[in-house]
Each structure stands twice: as structure tokens, then as C-alpha cells.
Protein chains: 2
Amino acid sequence: MSQRILIVDDEDDIREFIGYNLTREGYDVYTASNGQQAIEEALRVHPHLILLDMMMPVMDGRQACETMRKMAELKDVMIVFLSAVQEEQCQIDSYDAGADDYITKPVSMRVLCSRVAAIMKRIKPVATTSIIIDSSSRAVTTPQGEFILPRKEFDILQLLFSEPDKVFTREEIFSRIWGGEVVVGDRTLDVHIRRLRRKLGDDVIVTYKGIGFKIVL
Amino acid sequence: MSQRILIVDDEDDIREFIGYNLTREGYDVYTASNGQQAIEEALRVHPHLILLDMMMPVMDGRQACETMRKMAELKDVMIVFLSAVQEEQCQIDSYDAGADDYITKPVSMRVLCSRVAAIMKRIKPVATTSIIIDSSSRAVTTPQGEFILPRKEFDILQLLFSEPDKVFTREEIFSRIWGGEVVVGDRTLDVHIRRLRRKLGDDVIVTYKGIGFKIVL
DNA sequence: TTTAGTTATCACTAAACTGTGAAAAAAGTA
DNA sequence: TACTTTTTTCACAGTTTAGTGATAACTAAA
């Protein structure tokens, strides 16, 4: 549920120290001790941010970064270099390799945390679900893309979405969407559900015969 | 069309030097010499990135940053501090104030450019139809040229422009442009929108059926 | 397999909403 | 006043959305 950070450093102490502190900040921390491992781990956990040490055996940070930037799965991940090298050229090379930031060691933990937080706040809200709805624009973002839903369809989706996995009875949906007095035919709801399914995929809304519908995420 | 950077520093030399280099890198550069001016200019040009000096007269960087973070129009703009202060606490405070990055001066131009580029590449690559509006003269500058808009058209544009990408409902537009009691017909707004579209191009203002309009830049 | 109850789908109609040109009304100016 | 510019209105065309009944498909039980 939290944002994931992959710490890559060949020194156990550093991994542990940074990892401990970032865990305490509420991130899910993963580690790797060289570039090769970093890529494997990154592919596995899809971190939001990678803290990448420069000097490492097997594959150094630069190589790892360049490799990842060529991989479709990882080319958009945030990569921050941690390096003891102060030199200007090294920094520029790192950015050329695709880095998003370059932090020189030693760095205080407090500063590192601030910096990580600043980067993380820019990362789009962690998708806890595969569907994101925005009631101000009635936009729905799904793995299939984003689209604007008509009012009724959106209202129904929003209702189901308000409590995923809860089965809403037909009566409940009618009363909450159409209100007390308005009476529309039975089939109307089915038609709206069908239109939603066309847009969201058939698996998202599940029918409970004789009862109603629920949404699964 | 390019990405816009606002450079804020009280020293003319620095503004000019950084400005010259960033212009050469292909950015549209705007400048301000204190926090107060920075906010005004930021509201006017909607920069993608603000390079903000820490120490300035009238309003310093921290204050300016905090103020902008509270404004709906500017709360999402990238803000990078430039500061001569190496101290840890200052850096942390800056991040707390809402900074996205903190660069200590002196910094080589090459490193600064790399860093700016790294930040810019994360900003949506969408063709930036830069529109600059000047409320004193009601002049609007677009890639198609500059023109003076009639008051109502300008007010509507300015409202939409105050928060690009936000969908303004018809009700919201009516109440903010015409005020509480004044009642005009429904189609009036559509007519104004059409006239704006004729001048700005059809793609700039997007209709959300049953909701309202938004501007995309 | 048959049956009854329920749900899914389709084609179509009605309703709601937006875009548009023309022109009237209002406001501003010389 | 006469004239220009801006704002609003109106009628209607074009689109999108909502609702409906007929019917097919499905499901569980007998």
C-alpha cells in the first residue's frame, strides 16, 4: 500500500541504516547490493524510487541506471544517485545516464528523508486500486485508459466504488441514485451496468442474482 | 511551446547569467527579483519550474514558496531553491516549505542545467500551448499572435486559466463571472466559449458535458 | 430436460445538453 | 446623436445520454 523504495548499496551497514530510517518514515523498503541484483529486484517489486549507490561491484550504479532506462518496465522509475564523488563531471554523467537526482555522501539522514519525501510527493498517488475516479470531472482512470462517464453511469460506479466488495441491492441502488419518488423501469439499471462493463471490462462489476451488484478491484 | 522557467533572484547578474544559459537550452525564461514579484509573474505565466533564490528583499524565498503552495494556481508548480546556505537545517526547512529541490550555490552552470533537465523531463511532455494573459490590458499572447479580448471573454479565460486542467462547472463560471443575482441565459456562456475558441484554437478549451469546461495548456 | 425466475442485450424513443449563426439589446465612444 | 463594440438572446441543428419494452440468455431447482 505504501510507496516502495529500493536501496542499492554494497555496504550492508549503509543499506541497513538508510533502510531502517526510510521504513520508519513509512515506506516499503527493498534492498540490493549491486547493479545486477538491483535490476532483478526492481523488476520484481516495481519500486517508486531507487536509491542507487555509484560504486559497486559486479555492476556499478551508472551501468545499472542506463540499463534500466532502456527497459520499458523501469524507464519511468525515479532514480536517485548516492555518491561519494563530489566531482562535477561525475554528476553530469549521472544525469546523462538518466538519473533524477544526485546526492553526495555523506548526507544526513534528515536531509535524505526530506529529499526523498519531496520526490515522493510528486509521484502520482499510489494506486491502491486499479480504478481511480474523479467526481469533479467524472473521469475514470483504468488500466484501459481514461474516459469521462455520463452522469448516471458515473453515479452508479461511484456508489459501488464507495464500498468495494459490498453487494448493493437493486433497491438500494435505485433509491440512492434515483431518489425516493422517481420510478424507472427495472431494466434501466441493467442497461447502465452493461454500459459500465463495456467501458471498464466485464470482470469489474459482479452480479449477485436476486440481490444486486458489487464491484471488485 | 517550450517549457517555462521563472528565475527569481535579487542580483541582476545572476538572473541574467542563469537566464542566458537556460534560454540557450531551449527554455522560455522569465525573471523576478523578489518573492512578491515572483508570485505575480508566476500567476501570469504559469511556469513549469521556479528557480528561487533564498535571500531576497521584500519577500524571501521561503515565504514566497509557502505562499505559492497555498495558492491553488501554483501549488503544483515545481520549485527549486538556490541558496548559498549549506546548513542542514536550512535545507530541511526549505523542503518543509514545499520545495522540490535544493541546490547550494555556487553551482556550475552545467550541473544546474543537468539538474533542471532532469526535473523537466518529468513534467508532462504535452505540447505546452503557452498562453500568457495580462489582466491590466486584457492582452492575450498565444502562438497565434497577440490580441485584446473583450472583458467577458477575458474574465472567462482568466478564470479557466487560473487553474489549468481543473474543470469549472457552468454554475461556478456563472457565479464567478456574473456574480450572485445576475441571471443570463444558458447559451450565453457557450457563445463566449465559442468566441474564445475561435481566437485561441479549438483545442485549448475542453468541454465536459453536463459539467463545464477546462483549459489545457 | 423442463421450468420459472432473473439478468443481459438490443433497437429505439425521449430527453438533455451543446454548438452555432444571426440578430437584438446594451454599453461605450466620438 | 450616430456609430462601434460588446453582450445577450433566440431558434434550431447536432450530439450525447437516459429510459423502455421485447426478447434472448442464463441459472438453479425440480
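This is a predicted model: local features need pLDDT of at least 70, side-chain atom pairs count only at pLDDT 80 or more; totals for chains, interfaces and linings use all residues.
Biologist: How many helices and strands does chain A have?

Modeller: Helices (H or I, at least four residues) and strands (E, at least two) are DSSP runs, numbered from the N terminus. For chain A the secondary structure comes to eight helices and eleven strands.

Biologist: What is the radius of gyration of chain A, and what does the globule rule give?

Modeller: The C-alpha trace of chain A spans about 75 × 30 × 30 Å along its principal axes. The radius of gyration is taken over C-alpha atoms, and the globule rule is 2.2 Å times the number of residues to the power 0.38. Chain A is more spread out than a compact globule, because for its 217 residues the rule gives 17 Å and the radius of gyration, well over that, is 24 Å.

Biologist: Which element gives the largest share of the side of chain A that touches chain B?

Modeller: Two residues are in contact if their C-beta atoms, placed from the backbone, lie within 7 Å; 20 residues of chain A are in contact with 19 residues of chain B. The elements giving two or more residues to this side of chain A are α4 (88–96) and α5 (109–120) of chain A. The residues on this side of chain A divide into seven nonpolar, five polar and eight charged (Ala, Val, Leu, Ile, Met, Phe, Trp, Tyr, Cys and Pro count as nonpolar, Asp, Glu, Lys and Arg as charged, and the others, Gly among them, as polar). The largest share, six residues, comes from α5(A).

Biologist: Are α4(A) and α5(B) roughly parallel or roughly antiparallel?

Modeller: The axes of α4(A) and α5 (residues 109–120) of chain B come within 9 Å and cross at roughly 20°; axes are lines fitted to C-alpha atoms, for helices over the stretch in contact, and angles run from 0 to 180 degrees between N-to-C directions. Angles under 35 degrees count as roughly parallel, over 145 as roughly antiparallel, 65 to 115 as roughly perpendicular and the rest as oblique. The crossing angle therefore makes α4(A) and α5(B) roughly parallel.

Biologist: In which hand does α4(A) pass α5(B)?

Modeller: On the side of α4(A), the contact is made by Glu88(A), Gln91(A), Ile92(A) and Tyr95(A), and its residues in α5(B) include Val111(B) and Ala118(B). By class, this contact of α4(A) with α5(B) has five nonpolar, two polar and three charged residues. A crossing is left-handed if the near helix is turned anticlockwise from the far one by less than a right angle, and right-handed if clockwise. The crossing of α4(A) with α5(B) is left-handed.

Biologist: How many charged residues does the contact of α2(B) with α3(B) have?

Modeller: Helices α2 (residues 35–45) and α3 (residues 61–70) of chain B pack at about 30° with their axes 9 Å apart, and are therefore roughly parallel. Among the residues that meet are Ala38(B) and Ile39(B) in α2(B), and Ala64(B) and Met68(B) in α3(B). By class, the contact of α2(B) with α3(B) has five nonpolar, four polar and no charged residues.

Biologist: How are α6(B) and α7(B) oriented to each other?

Modeller: The axes of α6 (residues 151–162) and α7 (residues 170–178) of chain B come within 10 Å and cross at roughly 125°. Helix α6(B) passes α7(B) in a right-handed crossing. Because of their angle, α6(B) and α7(B) are oblique.

Biologist: Which residue in β8(B) is the bridge partner of Val140(B)?

Modeller: Two strands pair if DSSP finds at least two bridges between them. An open antiparallel sheet of chain B has the order β6-β7-β8, in which β7 (residues 139–142) and β8(B) pair over four bridges. The bridge partner of Val140(B) in β8(B) is Phe147(B).

Biologist: At what angle does α6(B) run to β11(B)?

Modeller: Strands β9-β11-β10 of chain B, in that order, form an open sheet with antiparallel pairing. Helix α6(B) lies across these three strands, and its angle to β11(B) is about 70°.

Notes. Residues are numbered from 1 along each chain as its sequence is written. Chains are lettered from A and ligands numbered from 1 in the order in which they are written.
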